[in-house]
Amino acid sequence: ALLPYVPRVPPAALPGKVTATTFALEMPRCVFDGHMDASDAVWLVVAFANASDAFRNPPSRDDVPPYERLPTARSYMTLEMPAAAYACSAPSPDVLRVGGDTACGARGGRDPCNGPLPSPGPYRVKFLVMGCHGPKAETRWSDPILLRRAASPSTIDPAPARRDSAVVVVASILASLGAALATAVLGAVGATAWGSLCCRDPGAGAFARRSYRTHHIPPTLPQPLPPACGCSPPGLGCFAPRLPGPCPAE
């Protein structure tokens with residue numbers, strides 16, 4: 001019997017819903033009721049999307065294509081579960097994980113295995129009910145399921161990371177040297193300026209170039225008296241010339 005159910009990846013957000021080697025499927029509850037007995041088993045058929053039309057249901061369990069034949073046969077069957085696991089009242093999980101068994105390959109290819117998918121695909125899947133005398137019912141094929149592409153470890157070049165680290169180290173060293181040089185230059189300039197201020201000789205020229213307002217009058221050198229100023233007190237400098245006049249008697 002061909003059932004109208006179409007398998008699909010859950011539309012809701014789900015961690016790891018689609019990875020580079022696995023994907024999740026909705027659990028088909030209540031889909032096979034009335035089409036199977038308690039002794040029947042439900043399989044999941046996984047095939048490359050371009051090979052799904054060429055897949056033929058096996059006549060018995062002994063003819064089930066194993067996981068290891070996927071690269072050559074382009075399809076395999078996995079997730080063999082009893083019919084009761086898909087009943088409406090079954091306490092089963094809401095999703096099925098396809099490709100989640102990483103131990104596949106060590107069993108000699110004899111038993112059904114749910115191994116990681118070897119390429120991004122795309123893939124198509126369907127559920128198949130198998131009884132003691134062969135297939136009994138099946139769902140429709142799913143839409144193509146494309147996995148995420150993972151970068152191969154061999155394509156990762158660690159050299160850029162080392163070069164980046166070297167550039168960071170060199171930049172740090174240059175920055176430290178620049179700071180030290182700037183500190184030394186500023187220190188030298190400051191010392192020179194401080195020495196020029198502290199060691200300047202305040203001679204007579206300094207007093208001549210500055211204006212002081214204080215009670216102390218800096219001394220001046222004696223200068224010759226101008227004409228008609230012979231009576232000016234010595235040491236007070238020269239005042240504005242005056243008309244000659246009589247000097248007081250001594």
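User: Is Arg 61 buried, partly exposed or exposed?

Analyst: This is a predicted model, where local features need pLDDT of at least 70, side-chain atom pairs count only at pLDDT 80 or more, and totals for chains, interfaces and linings use all residues. Residues are numbered from 1 along each chain as its sequence is written, and side-chain values use heavy atoms, without hydrogens and water. Buried means under 20% relative accessible area, exposed over 50%, and partly exposed in between (1.4 Å probe, protein chains only). Arg 61 has 44% relative accessibility, so Arg 61 is partly exposed.

User: Which residue forms a salt bridge with Arg 61?

Analyst: A salt bridge puts a side-chain nitrogen of Lys or Arg within 4 Å of a carboxyl oxygen of Asp or Glu. The closest N and O atoms of the pair are 2.8 Å apart. Arg 61 sits in the loop between β2 and α1 (70-73), and its partner lies in strand β3, 19 residues apart. The partner is Glu 80.

User: How many residues apart in sequence are the parts that Glu 26 and Arg 8 tie together?

Analyst: Glu 26 and Arg 8 form a salt bridge, with the closest N and O atoms 3.0 Å apart. Strands are DSSP runs of E, at least two residues, numbered from the N terminus. Glu 26 lies in strand β1 (residues 23-26) and Arg 8 in the segment before β1, so the parts joined are 18 residues apart.

User: How many salt bridges are there by this rule?

Analyst: Asp 94 and Arg 29 contribute one, at 3.7 Å from N to O. Asp 37, Asp 40 and Lys 136 are linked in a network of salt bridges. The count comes to 6.

Terms used
Helices (H or I, at least four residues) and strands (E, at least two) are DSSP runs, numbered from the N terminus.
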